[in-house]
Amino acid sequence: MSKKVGFWEFFQGLGKTFMLPVSLLAACGIMLGIGSSFASSVTAEVLPFLKVPVIKLFFEFMSTIGSFAFSNLPIMFAMAIPLGLARQDKGVAAFSGYVGFVMSSMTANFFLKVTGTLATPENMKAAGQAMVFGIQSVDIGVLGGVIIGVIVYKIHDKFCEIKLPDALAFFGGARFVPIATAVIVGIVGLVIPLIWPFFNGIIIKIGELIGKAGVFGPLLFGAGEGVLRPFGLHHILVAMIRFTSAGGEAIINGEPVYGALNIFYKEFANGILDPNVTRFLSQGKMPSYMFGLPAVALAIYHTARPENRKKVKGLLASGLVACVIGGITEPLEFIFLFLSPVLYLFHCIMVGLGFMTMGILKVAIGNTDGNLIDFVVFGILQGFRTKWYLVIPGGIVWFTIYYFVFKYAILKYDLKTPGRELVTNDSDIKLGGYDAEKLLKALGGKENIVSLDNCITRLRLVVNDMSVVNEDEIKATGAIAVVKLDATNLQVIIGPQVHVVKNKLDKLMK
């Protein structure tokens, strides 16, 4: 039976879909960073072997591959959103996203031609137009790709099971979705030139508000991302700053570029590092991700019962690696989130202060994750002009504050962080073994699961009956935490290996 998609399911699902293009973007960013660094003449003067033609070509090739994602972001979002939100026929949904994006560009082009508003090549940028797959159209950017992706998802949800008369049965079911997309989004494309200034104006206003906040803008962004993370909605805020004019706009090589991350990558490829752009990027996370949360792990370890410290070491070490190396913070954050929301709010404020401090110090380290890889590739390898060295003393201050605040709070309020409770055997402290069969049973069995998906660290489920979900049993299978968003939407925090658990559950359910 079809189940109506609720508010939480839609928006947490929408945030989750951003992860597919963003993960490619992060990987491409690292390749671009390494390629550009070692292909530059400046680096070659320090490391003469880089002047060898074959080696130089290799790094130039790596830089070329890395630049792919930044030129195709809008269509990537238009395809990823219906792919991620669709409950069935996901391949058809993604294909329809492609059809919708190209069709919207074609019909917008038709409107511009008919109304005589198609700009000349030299005036194209000033008129807000751009070439999209060889078609001159309205420059809708990533936000337009997101809107088209949502429209295509709605079309897919409405028509994927449609039944047509026998004479037209070949075009029914999933095959009807791209056909309906071509027609519906084609009509939408006709009005894009009329309505787009309105949507663009909203984003510009948000950007102006952030800009007026001055040095506090990054603080609000960093803290806001943390506050939204437990609900799985942080990706939406992040995408707005990274990919739309809310995160800034610039003219690079004569082309307008929108969003802090887009601007950073375009400037980076041209040898430019601007701290006014990177203030919303990786550098702001580094004091908390590389120093603060490791201090939390150490405080939890030191406050554990002496006989339990060896047992919690594995749990904390895995979370530490995920945070420092991978930039994935949930395994450590969710240890204390539900024990003390006040501590989590403190952590969010500290993340925001990290963004603000790195911005004030004019540090210029970009990319997405705020981890050790970003620190090396986009900080150290780019030389002292990034001011990467300022992250270290700042990080030491953050480490000290985090450690003493968390140690004091744990002891003062007797918070039951891992290792502080009496245990009878090693299995009482989870080390991430994940029992999929018991987990499925604790979720109420496959009959109770309407949909199952995952993002980077958590399972995202829609269930028929929340009352049969056993939270204690779920945690007993190795899960870090359980978040019940409403009567049907559930999140299970697993950690970096969540995709393995999801795949096991899929097999069991089949």
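Hi everyone, let's start with a helix pair: α6, residues 73-85, packs against α8, residues 141-159, at an angle of about 30°, and the two axes are 7 Å apart. That angle makes α6 roughly parallel to α8. Please keep in mind that this is a predicted model. As for handedness, α6 passes α8 in a right-handed crossing. On the α6 side, the contact is made by L73, P74, F77, A78, I81, P82 and L85. On the α8 side you'll find G141, V142, G145, V146, I148, G149, V150, V152 and Y153. Which classes do these residues fall into? The contact of α6 with α8 has 13 nonpolar residues, three polar ones and no charged ones.

Now for a second pair. Helix α10, residues 216-228, meets helix α17, residues 341-360, at an angle of about 145°, with 7 Å between the axes. Here too the crossing is described as right-handed, with α10 passing α17. From α10, the contact takes in F216, P218, L219, F221, G222, A223, G226 and V227, and their partners in α17 are Y344, C348, V351, G352, L353, F355 and M356. The division by class is 12 nonpolar, three polar and no charged.

Y289, M290, L293, P294, A297, I300, Y301 and H302 come from α14. They meet R309, V312, K313, L316, L320, C323 and V324 of α15. By class, this contact holds 12 nonpolar residues, one polar and two charged.

How many disulfides does a search of the whole structure find? The search gives zero. Take C323: its sulfur is 13 Å from the closest cysteine sulfur, the one in C348, and that is too far for a bond. C348 is one of the α17 residues that meet α10. C323 itself is buried, with a relative accessible area of 0%. Another cysteine, C160, is also buried, at 8%.

Seven of the 10 residues of α11 are buried, so α11 is largely enclosed by the rest of the structure. Those buried residues are H234, H235, V238, A239, I241, R242 and F243. Let me pick out R242, an arginine that sits in α11, residues 234-243. Is R242 buried or exposed? It is buried, with a relative accessible area of 9%. Leaving aside residues up to four places away in sequence, R242 touches V22, Y258, G259, A260, L261, N262, K285 and T368.

Finally, some backbone geometry. Most residues other than glycine have a negative phi. Where are the positive values I'd like to show you? D89 has a phi near 45°, and D89 lies in the loop between α6 and α7. At 36% relative accessibility, D89 is partly exposed. K362 has a phi near 60°, again a positive value in a residue other than glycine. K362 is in the loop between α17 and α18, and with a relative accessible area of 38% K362 is partly exposed.

Technical notes: Residues are numbered from 1 along each chain as its sequence is written. This is a predicted model: local features need pLDDT of at least 70, side-chain atom pairs count only at pLDDT 80 or more; totals for chains, interfaces and linings use all residues. Side-chain values use heavy atoms; hydrogens and water are left out. Axes are lines fitted to C-alpha atoms, for helices over the stretch in contact, and angles run from 0 to 180 degrees between N-to-C directions. Helices (H or I, at least four residues) and strands (E, at least two) are DSSP runs, numbered from the N terminus. Angles under 35 degrees count as roughly parallel, over 145 as roughly antiparallel, 65 to 115 as roughly perpendicular and the rest as oblique. A crossing is left-handed if the near helix is turned anticlockwise from the far one by less than a right angle, and right-handed if clockwise. Contact means heavy atoms within 4.5 Å. Ala, Val, Leu, Ile, Met, Phe, Trp, Tyr, Cys and Pro count as nonpolar, Asp, Glu, Lys and Arg as charged, and the others, Gly among them, as polar. A disulfide is a pair of cysteine sulfur atoms within 2.5 Å. Buried means under 20% relative accessible area, exposed over 50%, partly exposed in between (1.4 Å probe, protein chains only).
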